[in-house]
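This report describes a predicted model. The sections below treat its salt bridges, domains, pocket, cavity and backbone in turn.

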Amino acid sequence: MYILISATPSPYARKVRIALQEKGIPFTLQTEVPWDSTTQTPQYNPLEKLPVLIPVCSNSPDDAVYESHFILEWLEVKHPSPSLLPSSVDDKLFAKKVEVVCDGVCDALVLALFENQREPEKQSAPWEARQMRKVAGGLKALSTWVSNRKGQFLIGDSLTLADLAAGSVLGYLAVRWPDYDWQTTYPELKGYWQMLEKRESFANTVPSPQTMKDKIV
Ligand SMILES: N[C@@H](CCC(=O)N[C@@H](CS(=O)(=O)O)C(=O)NCC(=O)O)C(=O)O
């Protein structure tokens with residue numbers, strides 16, 4: 001049915017891997033390092049980023065789907081049941097807002113990660129501080145939403161897109177920023193994340209570091 005180009009640490013790809021499992025959609029995982037010269041992503045995504053979802057039946061690379069939030073939107077249209085969106089319009093829009101913030105925290109973490117890989121004299125402390133401020137602000141917002149939730153999940157009592165985004169960013173922090181102690185600051189967010197990680201689709205998509213062969217900054 002589909003090939004998913006993914007990377008072991010990718011929080012963006014993890015959202016899609018979880019969605020495909022939750023929707024019972026068969027797929028083949030093609031794991032790679034998008035930073036290495038061997039990456040296949042440029043063949044499918046002009047932005048050279050993964051995740052990329054490739055319909056196996058397609059005969060054109062242009063049929064590929066990319067940008068995780070769009071892949072999830074695409075899956076909701078093509079494979080609506082079971083839905084990963086809440087039923088009411090306002091809750092649907094809130095779920096997407098949660099994804100915006102969680103993806104934005106991931107974006108800031110990636111930028112800070114690569115800033116740290118530059119030679120010390122080329123690293124910009126103000127730039128790094130700006131990214132980590134976004135991380136702190138995003139986690140604060142997420143923690144508030146989790147504390148105010150009515151049910152087990154972020155929106156009601158069934159898993160939605162909001163939970164996929166939240167679990168993926170928290171899992172990414174655990175693998176890339178293990179010393180960033182958000183769990184002490186936000187104990188309820190920690191409890192919510194531990195609940196998510198027990199779910200099969202989360203438990204079998206836990207991120208892990210990758211080895212980059214090529215220098216990229
Ligand atoms: N907004 C994109 C971000 C995807 C992204 O940044 N992917 C990284 C890999 S990872 O950070 O998810 O592990 C990538 O392919 N980077 C390669 C590049 O930016 O050239 C999405 O949501 O899909």
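The structure holds 11 salt bridges.

## Domains and their interface

The protein chain is divided into domain 1, covering residues 2-78, and domain 2, covering residues 89-203. Domain 1 contributes 14 residues to the contact, and domain 2 contributes 20. Taken over C-alpha atoms, the centres of the two domains are separated by 21 Å.

Between them, domain 1 and domain 2 bury about 1400 Å², and carbon and sulfur atoms account for 59% of that area. On the domain 1 side, the residues that lose the most area to domain 2 are Tyr12, Arg14 and Lys15, which together make up 37% of what that side buries. The interface of domain 1 and domain 2 also has 5 salt bridges across it.

## The largest pocket

The largest pocket contains about 790 Å³ of space.

Helix 1 (11-22), helix 3, helix 4 (89-115) and helix 6 (161-176) each supply at least two residues of the lining. The largest share, 9 residues, comes from helix 4. By class, the lining of the largest pocket comprises 17 nonpolar, 6 polar and 10 charged residues.

## An enclosed cavity

A search of the whole structure finds 1 cavity of 30 Å³ or more. The volume of the largest cavity is about 50 Å³. Its lining is formed by His69, Leu72, Glu73, Glu76, Leu84, Leu85, Lys96 and Leu161.

Helix 3 (residues 68-78) provides the largest share of the lining of this cavity, with 4 residues. In terms of class, the lining has 4 nonpolar, 1 polar and 3 charged residues.

## Backbone features

Most residues other than glycine have a negative phi, and most peptide bonds are trans. Against this background, several positions in the model deserve a note. Glu48 has a positive phi of about 60 degrees although it is not a glycine, and this residue is found in the loop between helix 2 and strand 3. A cis peptide bond joins Leu50 to Pro51, with an omega of about 10 degrees. Pro51 is likewise found in the loop between helix 2 (41-44) and strand 3 (52-55).

Another cis peptide bond joins Ser81 and Pro82, where omega is about -5 degrees. Pro82 lies in the loop between helix 3 and helix 4.

Technical notes. Residues numbered from 1 in each chain as written. Predicted model: local features only at pLDDT ≥ 70, side-chain atom pairs only at ≥ 80, totals over all residues. Heavy atoms only, no water. 1 Å grid on protein atoms, 1.4 Å probe; cavity = no way out; pocket = protein on both sides within 12 Å on 5 of 7 lines; lining within 4 Å. Points joined across faces, edges and corners; volume = space filled by probe spheres on them. Nonpolar A, V, L, I, M, F, W, Y, C, P; charged D, E, K, R; others polar. Domains from an automatic or database assignment. Contact = heavy atoms within 4.5 Å. Buried area = accessible area lost by both parts, 1.4 Å probe. Salt bridge = Lys/Arg side-chain N within 4 Å of Asp/Glu carboxyl O.
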